[in-house]
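This report covers a few local sites and one chain–chain interface. Please have the structure open while reading.

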Amino acid sequence: MSNKPIDMDIAHVAKLARLALTDDEAAQFAAQFAHLFTYIRQLQELDVDTIPATAQVIPLRNVMRDDIVTPSLERDAALGNAPDWEGPYFRTPRILE
Amino acid sequence: MRCGHEIREAVIRRQVSAEEVTRAALASIEALEPTLHAYLCLLAERALKHARVLDQRIAAGDDPGPLAGVPVAVKDIFCVAGEVTTAGSKILANFRPPYSATAVERLEAAGAIIIGKTNMDEFAMGSSCENSAFGETRNPWDPSRVPGGSSGGSASTVGAGSVPIALGTDTGGSIREPASFCNIVGLKPTYGRVSRYGMIAFASSLDQAGPMTGCVRDAAITLGAIAGHDPRDATSVDEPVPDFCAGLRTDLNGIRIGIVPEFEEHIAQSDPDMAALYRRAYEDLRALGAQLVEVHLPHVRYGLATYYLIAPAECSSNLARYDGVRYGLRVETDKDVYTMFEQTRAAGFGPEVKRRIILGTYALSAGYYDAYYLRAQKVRTLIKRDFDDAFTQCDVIASPAVSCPAFALGAKTADPVAMYLMDYFTIPMSLAGVPALSVPAGYVRDLPVGLQLTGPAFAEAGVLGVAYAYEQATGHAQSRRPAVMAAAHR
C-alpha cells in the first residue's frame, strides 16, 4: 500500500477547528494521515448506495421530558471554573472591532 | 486484595471495618505509585470519611448495598463533585466539576468507597496510556511495558491488586484492551446501558462506561450497580436491569459459541502464538459443554477505517467546547477572541487530540462529508448487520481481544496507525453497540492476554455467564502473580 498524499488543506481545516498548528505539526499530521488513508480508502471498495446510515445504534426516538421547572446549577457554581468573568457574565477578549 | 464481593461480606459481618479496608487500599496504592503511576489523584480524606459513615451504618444494622465498603477507583474522565477532573488533559488541569457523574453516584449509593481518579490517555484517545498529559502509567506485569489504554490507570491498579474494582470507559476498546494487558476482567456494556452523564465526552455514539475487575462476579455486581435509565442522559436506555449474578454458571451446556474466521485469519497473521492460545481457549469452552459454530462477520475488516472517521468526527464536535471561556485553560492574548481560541487549544491539547480534531474536522467539512463521514456511517450499518446475522446462529461470539500482549513503552508512539491497529478486534463491537468483555485467557511470552466474549444488545448476563464458567474452569488469572503487586496479595 502506498501512502498517497491526501486532498487536505491542513491550514484551512485547522482554521475551521480553531486550532493553531505549527508548521512541524502540520507536516507530521499530513504524513500520518497519508498512512491512515491507505486504510480509509478501503471503504471505497464497498457499494453503499442503498445502505442507510447509522448515526446511533439504539432504538431511541426523540426523548421528551415533562415540562416542569426544576432547579439548575447555581450561577456561582456555573461561573466557578471560568478563566474570567464579570458579575453574572463570562468575560472574553473583544469579539467585534 | 481479595475480590470485591468477599470484601463486602467481611465488612457486613464486621470481620473488618470499611475504614480498615480503605486504609489498606490507600497504603497499597501509595507503595506502588512510584512504580506504576496509575493515579492522577487520591481522594484519601473523602474516602475515609465515607468509610467511617458506612461503618456506623453497618453497626446500626443497616445494609449499605452490594458494594458496601469496597474500594473502587474511577477513571479521571468521570466527574466527582468538587474534585479535580482532568480527562488526562492540560486543558482541564484545574477543572473542578460542580456535580458528580451518575455512574459515580450509583457506585456510592451501592456502598462503594471511591478511592481515587486513575490516569488515562488524554480524552480517552489512545491504546497505551502514553497520551496522558501527566505522564504514563506502567503495567504491573512488567513496568517497562504499557498497561494499555485508554483506561490504563484503572487496569494497572486492579491488575496490581491495590483495589478490586475500577471504572473505565470504552469507545473503541479502551476497557477491553487494557484489561487484557493487565490480566483482569473488563466489560464494555451495551451502548446506552450505563448513563454517560458526568462522563467527559469523546465520541458520543460510541462512549460507554463499564467495570474493570479482578473477577467476573465483581464485574456482574458492578454493572448491576451502575446500569439503568437516567433522565439526565437521553441516550441511556429504559431497559430493565436484571440481576447479572443470577446468570453466572459453571457449565456451558446448550450454549452456542460463534467463532469468526475473519478474526482467526487476522490473529494467525499477526502472531501465531496468540492464535494458538485462542484455539486452546475455544477448546476449553467446548469442554465446558458449549457448541462451537462458525459465524462470519464479513465487514469487520472495514472496522478500523470506519471508526477512524466516525470517532474523530464526533470528537472534533465534542471538543469544540474547550475554548477558554466557560472552564479550563485560557491563553491570554491582546488580540481578538478567535486568536484566544486558537492559542488556548494549541497549548491545551496534546498531539493525539490535535490529530483527531483535524482529521474529524476534515471528514465533516464541506465537499468531503459524503465521501468520508456519511460513507463511514453506512459501513457502520453493514457491520451492525453482520452482528445481527451472527446472533441468529450463536449466543455469544468468542474472539481475540488483542493481537499481542502488552508492548514496550515508546514502541508505538511514533506511528499512530500502529497504535490504532491495537483496537482491531474491539472496534467492531463498539460500532455495533453490542456488549463485549475481556477475561484472562493465559499467557504468551509470560505476559497475560484476554479472551473477548461478545453478545447481542442487552445480553450482558449471557456474556458474563460464559465468562464466569471459563474463569472458574481455567483459573488463568490466579495461576501467576504480577511482578508488581499489592502486599496483601503476596
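## A buried threonine

Thr426(B) is buried, with a relative accessible area of 0%. Buried means under 20% relative accessible area, exposed over 50%, and partly exposed in between, with a 1.4 Å probe and protein chains only. The model is predicted: local features need pLDDT of at least 70, side-chain atom pairs count only at pLDDT 80 or more, and totals for chains, interfaces and linings use all residues. Residues are numbered from 1 along each chain as its sequence is written, chains are lettered from A and ligands numbered from 1 in the order in which they are written, and side-chain values use heavy atoms, with hydrogens and water left out.

Thr426(B) sits in a loop of chain B, between helix 14 (416–420) and helix 15 (427–432). Helices are DSSP runs of H or I with at least four residues, numbered from the N terminus. Leaving aside residues up to four places away in sequence, Thr426(B) touches Gly172(B), Gly173(B), Arg176(B), Ala401(B) and Gln452(B). Contact means heavy atoms within 4.5 Å.

## Cysteines

The disulfide count over all chains is 0. A disulfide needs a pair of cysteine sulfur atoms within 2.5 Å. For Cys182(B), the nearest cysteine sulfur is that of Cys129(B), 9.3 Å away. For Cys245(B), it is that of Cys215(B), 9.3 Å away.

Cys182(B) is buried, at 1% relative accessibility. Cys245(B) is partly exposed, at 22%.

## Helix 10 of chain B

Helix 10 of chain B covers residues 303–318, 16 residues in total. From first C-alpha to last it reaches 22 Å, close to the 22 Å expected at 1.5 Å a residue. That expected span is 1.5 Å times one less than the number of residues.

## The interface of chains A and B

In chain A, 51 residues are in contact with 67 residues of chain B. The buried area is about 5,400 Å², and carbon and sulfur atoms give 68% of it. Buried area is the accessible area (1.4 Å probe) that two parts lose on being put together, summed over both.

The interface has 3 salt bridges. Each pairs a side-chain nitrogen of Lys or Arg with a carboxyl oxygen of Asp or Glu within 4 Å. Lys15(A) forms a salt bridge with Glu342(B), with the closest N and O atoms 3.3 Å apart. On the side of chain A that touches chain B, helix 1 (10–16), helix 2 (23–40) and helix 3 (75–79) of chain A each supply at least two residues. Helix 2 gives the largest share, 10 residues.
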